[in-house]
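Please open the structure in your viewer and keep the selection tool at hand.

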Amino acid sequence: MSQQAHETVEVKGVRASNTNMDSSPRHPDDDVKRETPAVTDAGSCPVCHLIAGVAVGMATIIILTGLLLYLGLFAAQEAEQTSKTSAKELMQRLQQCQKERHDLNLMLHIVTQDSRCSVCPVSWLWWKGHCYFFSVGLQENRQWNESAEFCRGHNSSLAVIKDSAEMEFIQGVMRKFPQLPFLWVGLTDSKQEGQWLWWDGTDIQHYMQVTVEWDAGHRDCADLRGDGSLFAAECEAYGPWVCKRAS
């Protein structure tokens with residue numbers, strides 16, 4: 001019995017000891033420590049690195065693809081807008097050219113109907129159905145007979161002034177050129193002293209009431225002054241002249 005009692009005591013001691021161990025105070029972190037799973041070191045997982053790299057690469061490709069698509073769409077829109085603008089500008093230019101062509105055709109029609117452009121030679125002036133040549137452009141003076149010969153050589157004659165309007169026209173040209181203090185005109189009394197006749201054979205006052213001043217026996221040719229008066233002069237004198245012809 002003593003041996004069984006001893007074993008019982010030992011068992012009880014063990015149980016008591018176990019009971020004492022279980023009944024000791026428990027720290028709250030003990031359960032957390034037991035429940036927290038073990039953390040695996042990333043450096044010890046090559047597969048994780050591979051998966052992460054593939055994911056980053058795919059994300060980059062997706063971003064670049066989206067960016068390229070956006071740029072392509074933007075470029076297409078810009079090209080379409082530019083195309084529309086270019087087409088509009090071309091249409092406007094075409095319309096402008098058509099308008100200019102119409103204006104030129106109209107101007108050409110007017111010019112061809114105007115005898116000033118179609119009939120009068122170069123350097124001649126047109127006025128009311130006639131062409132006039134003023135010798136100021138030749139930079140030379142001639143005698144009355146030489147001037148008359150020049151006009152005949154150009155299918156014209158020294159000017160026969162038939163009314164005050166024509167007189168004013170010639171005076172207006174003379175005022176523009178100071179080197180034209182007077183002009184030889186088609187008026188002379190060389191056939192009969194004192195009887196002044198125009199180049200066409202009509203009397204001096206046939207067209208208008210004018211007279212020749214300074215008339216004398218040796219002054220048989222008339223020149224026109226800037227104020228519209230006619231003066232007798234020696235035909236051998238040198239001076240500028242004006243020719244006239246029908247347009």
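**A tour of the disulfides**

The model shown here is predicted. A disulfide is a covalent bond between the sulfur atoms of two cysteines. A search of the whole structure finds 3 disulfides.

Begin by selecting Cys120 and Cys131, whose sulfur atoms lie 2.0 Å apart in a disulfide. The angle about the S-S bond is -90°, which makes the link of Cys120 and Cys131 left-handed. This pair connects distant parts of the chain, 11 residues apart: Cys120 is in the loop between helix H4 (115-118) and strand E1 (125-127), whereas Cys131 is in strand E2 (residues 130-134). Both Cys120 and Cys131 are buried.

Next, select Cys151 and Cys243, which are joined by a disulfide with an S to S distance of 1.9 Å. The link of Cys151 and Cys243 is left-handed, with -80° about the S-S bond. Cys151 lies in helix H5 (residues 144-153) and Cys243 in strand E9 (residues 242-246), so the pair ties together parts that are 92 residues apart in sequence. Cys151 is buried, at a relative accessible area of 0%, and Cys243 is also buried, at 0%.

Now select Cys221 and Cys235, a disulfide with its sulfur atoms 1.8 Å apart. Here the link is right-handed, with 100° about the S-S bond. Cys221 is in strand E7 (residues 221-225) and Cys235 is in the loop between strand E8 (230-233) and E9, distant parts of the chain 14 residues apart. Cys221 and Cys235 are both buried.

Finally, display the bonded cysteines together. When they are numbered in sequence order, what is the pairing? The pairing is 1-2, 3-6, 4-5.

Terms used: Residues numbered from 1 in each chain as written. Predicted model: local features only at pLDDT ≥ 70, side-chain atom pairs only at ≥ 80, totals over all residues. Heavy atoms only, no water. Disulfide = S-S within 2.5 Å. Helix = DSSP H or I, 4+ residues; strand = E, 2+ residues; numbered from the N terminus. Buried < 20%, exposed > 50% of the residue type's maximum accessible area, 1.4 Å probe, protein only.
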